[in-house]
Protein chains: 2
Amino acid sequence: MLSRKAKYAIKALIALAEHGPEAPVRIADLAREQQIPPKFLELILLELRNQGILRSRKGKGGGYLLARDPGAIYLGQIVRMFDGPLAPVPCASQTAYVPCSDCPSEAVCGVHLAMKKVRDATAKILDGTSLAQLLRQINNASLITTS
Amino acid sequence: MLSRKAKYAIKALIALAEHGPEAPVRIADLAREQQIPPKFLELILLELRNQGILRSRKGKGGGYLLARDPGAIYLGQIVRMFDGPLAPVPCASQTAYVPCSDCPSEAVCGVHLAMKKVRDATAKILDGTSLAQLLRQINNASLITTS
DNA sequence: ATTTACTCTATTAGCTAGATAGGGTATATA
DNA sequence: TATATACCCTATCTAGCTAATAGAGTAAAT
């Protein structure tokens with residue numbers, strides 16, 4: 001299950017990418033636009049900033065903007081930042097591997113076998129999708145829908 | 001994240017499949033063997049029984065056994081039974097679709113686009129893996145490890 | 001009759017997600 | 001330099017859920 005935090009983060013990043021690289025967007029505006037509780041969004045943007053995904057500008061005319069090219073921001077990083085490892089079980093995680101205390105051998109553990117496949121598939125999708133790619137997909141879809 | 005319940009359920013089903021189709025296994029034995037809290041396992045097996053995955057026999061010589069062929073029991077069904085829909089967000093679920101109240105259009109929602117792919121990949125794996133297939137994979141792995 | 005072992009409902013402790021509150025700090029502009 | 005703007009940061013709260021336990025009830029075998 002994707003947490004609200006991760007979901008809001010992705011939505012906010014998409015909106016920021018759409019706003020272009022040089023115009024800071026205020027928390028309040030982003031919150032209204034994306035239907036996110038403002039103070040909650042504040043926490044999320046702060047975290048994204050502290051992780052180097054966003055830059056911020058204080059005071060009048062301030063707000064948030066992407067710190068990197070949308071082509072260099074991957075969904076995998078965002079989801080992990082807020083929800084932890086992608087793997088359904090710790091023993092199937094690549095980035096945060098923890099063995100099961102009870103499991104005598106992962107090679108013959110059915111849960112491990114199946115969940116490793118789920119993790120790999122999920123990682124392939126999320127680590128393979130940048131904000132830029134996502135924007136392109138959205139634009140394609142909107143062309144089709146509009147036509 | 002896979003819940004302990006779902007994880008225990010899968011482990012228990014694998015163990016039951018390995019015990020063969022005609023010998024009931026007691027909760028207590030299964031619990032000891034698989035390192036699962038007995039009373040917790042009781043709840044899980046009961047649920048599996050009520051969902052038609054297991055049969056039970058009461059009294060002396062009793063216990064649990066598979067109600068169907070291992071080739072007809074799929075991980076997807078087990079995981080959904082205990083953890084709900086596979087999709088990371090309700091709007092990406094096939095079996096329990098719920099639209100987002102705020103989302104004006106799923107076709108142009110980045111979260112939806114990405115999470116639908118994750119759901120589809122997960123479902124393909126879990127709905128495509130039966131207990132019988134899982135057992136074969138385990139046996140293959142154990143041959144390789146042992147050799 | 002008695003033992004065995006499943007059946008079912010209730011309860012509980014601990015944790016986390018989601019959200020809110022409010023004072024602090026940096027920046028722009030007049 | 002005064003002041004408004006808008007991000008920065010820590011603390012707190014509540015509902016709901018997960019994992020686990022307890023215990024009385026019921027069916028079956030011998």
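## Two helices and a two-fold pair

Tutor: In this predicted model, Lys11(A), Ala12(A) and Ala15(A) of H1(A) meet Leu30(A), Glu33(A) and Gln34(A) of H2(A).

Student: What makes these residues a contact?

Tutor: Two residues are in contact if their C-beta atoms, placed from the backbone, lie within 7 Å. On that criterion Lys11(A), Ala12(A) and Ala15(A) are on the H1(A) side, and Leu30(A), Glu33(A) and Gln34(A) on the H2(A) side. By class, the contact of H1(A) with H2(A) has three nonpolar residues, one polar and two charged.

Student: At what angle do helix H1 and helix H2 of chain A pack, and how far apart are their axes?

Tutor: H1 (residues 4-18) and H2 (residues 27-34) of chain A pack at about 110 degrees, and their axes are 11 Å apart.

Student: Why are H1(A) and H2(A) described as they are, given that angle?

Tutor: Angles of 65 to 115 degrees count as roughly perpendicular. The angle here is about 110 degrees, and H1(A) and H2(A) are therefore roughly perpendicular to each other. The crossing of H1(A) and H2(A) is right-handed.

Student: How do you know what surface serves both copies?

Tutor: Of the contact residues of chain A, 100% recur in chain B, and the same surface serves both copies.

Student: How many residues are in contact between chain A and chain B?

Tutor: There are 31 residues of chain A in contact with 31 residues of chain B. On the chain A side, H1, helix H5 (110-126) and helix H6 (131-146) each supply at least two residues. H5(A) gives the largest share, eleven residues. This side of chain A divides into 20 nonpolar residues, seven polar and four charged.

Student: Which residues come nearest to DNA strand C?

Tutor: Ser3(A), Pro37(A), Gly59(A), Arg26(B) and Ser56(B) come nearest, out of the 24 residues around DNA strand C.

Student: What makes a residue count as near a strand?

Tutor: Its C-beta atom, placed from the backbone, must lie within 6 Å. The surface near DNA strand C divides into seven nonpolar, seven polar and ten charged residues. Elements that each supply at least two residues of this surface include H1 and helix H3 (38-50) of chain A, and strand S2 (63-66) of chain B.

Key: Residues are numbered from 1 along each chain as its sequence is written. Chains are lettered from A and ligands numbered from 1 in the order in which they are written. This is a predicted model: local features need pLDDT of at least 70, side-chain atom pairs count only at pLDDT 80 or more; totals for chains, interfaces and linings use all residues. Axes are lines fitted to C-alpha atoms, for helices over the stretch in contact, and angles run from 0 to 180 degrees between N-to-C directions. Helices (H or I, at least four residues) and strands (E, at least two) are DSSP runs, numbered from the N terminus. Angles under 35 degrees count as roughly parallel, over 145 as roughly antiparallel, 65 to 115 as roughly perpendicular and the rest as oblique. A crossing is left-handed if the near helix is turned anticlockwise from the far one by less than a right angle, and right-handed if clockwise. Ala, Val, Leu, Ile, Met, Phe, Trp, Tyr, Cys and Pro count as nonpolar, Asp, Glu, Lys and Arg as charged, and the others, Gly among them, as polar.
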